[in-house]
Amino acid sequence: MERTLSIVKPDGVKKNLIGEVIGRFEKAGLRIVALRMLKMTKEEAKGFYIVHKDKPFYDSLTNFMSEGPIVVMVVEGDGAISKVREIMGATNPKEATPGTIRADFASDIERNIVHGSDSPESASYEIGYFFPSIDLVSTTS
């Protein structure tokens with residue numbers, strides 16, 4: 001059973017897409033095993049996106065991610081990382097497959113509604129950033 005982190009970004013929360021995102025994951029057979037809403041500070045956003053610190057979009061991304069509430073969730077299921085990424089669609093909504101979250105709702109490459117871990121290593125780091133292990137509940141037992 002694989003776990004991954006997904007975030008409904010500030011633009012997704014503002015557009016009332018929290019339930020839509022969760023519904024698409026659940027319809028794909030995935031389960032939500034941890035969920036919370038929060039507002040990151042700029043410093044917390046910088047910490048979360050530290051892997052991008054040398055990229056030109058780092059400052060605008062961390063500004064955006066700290067501008068409003070987000071919903072962070074741990075998603076569990078067989079092949080959860082690849083399934084979540086498929087449901088989200090390409091980072092650039094112009095390249096996203098029709099019917100994906102980003103193709104349906106995103107406005108641009110940064111304001112693209114959702115985030116999802118891209119590997120088991122990033123999922124482990126990202127889940128730990130927001131959730132202590134005691135907060136993770138298995139729904140299969």
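Both faces of strand S3 are covered. Ile 70, Val 72, Val 74 and Glu 76 lie on one side, Val 71, Met 73, Val 75 and Gly 77 on the other, and all are buried. Buried means under 20% relative accessible area, exposed over 50%, and partly exposed in between (1.4 Å probe, protein chains only). In a regular strand the side chains alternate between the two faces of the sheet. Strands (E, at least two residues) and helices (H or I, at least four) are DSSP runs, numbered from the N terminus.

This is a predicted model: local features need pLDDT of at least 70, side-chain atom pairs count only at pLDDT 80 or more, and totals for chains, interfaces and linings use all residues. Residues are numbered from 1 along each chain as its sequence is written, and side-chain values use heavy atoms, with hydrogens and water left out.

**Strand pairing**

S3 pairs with two strands, S1 and S2. Pairing requires at least two DSSP bridges between the strands.

| Strand | Residues | Bridges to S3 | Sense | A bridge into S3 |
|---|---|---|---|---|
| S1 | 2–8 | 7 bridges | antiparallel | Arg 3 to Glu 76 |
| S2 | 31–38 | 7 bridges | antiparallel | Leu 38 to Ile 70 |

**Helices H2 and H5**

H2 covers residues 18–27, and its buried residues are Val 21, Ile 22, Gly 23, Arg 24 and Phe 25. Their cover includes strands S1, S2 and S3, helices H5 (80–88) and H6 (101–105), and strand S4 (114–116). Contact here means heavy atoms within 4.5 Å. Gly 29 follows H2 and has a positive phi, near 90°.

In H5, Ala 80, Ile 81, Val 84, Ile 87 and Met 88 are buried. They sit on the same side of H5, because they cover an arc of only 135° around the axis. The arc is taken from the directions between the helix axis and the C-beta atoms. An α-helix has 3.6 residues a turn, so residues three or four places apart point the same way. The buried residues of H5 pack against S1, H2, S3, H6, S4 and H7. Just after H5, Gly 89 also takes a positive phi, of about 90°.

**A nonpolar surface patch**

Ile 50, Val 51, Tyr 125 and Tyr 129 form a nonpolar patch on the surface, with about 370 Å² of accessible area together. Patch residues have over 30% relative accessible area and no salt bridge; nonpolar side chains (Val, Leu, Ile, Met, Phe, Trp, Tyr) are joined within 5 Å, like charges within 9 Å. A salt bridge is a side-chain nitrogen of Lys or Arg within 4 Å of a carboxyl oxygen of Asp or Glu. Areas follow the Shrake-Rupley method with a 1.4 Å probe; for residues, only the protein chains shown count as cover. Tyr 125 belongs to H7 (residues 120–130). Tyr 125 is partly exposed, at 37% relative accessible area.
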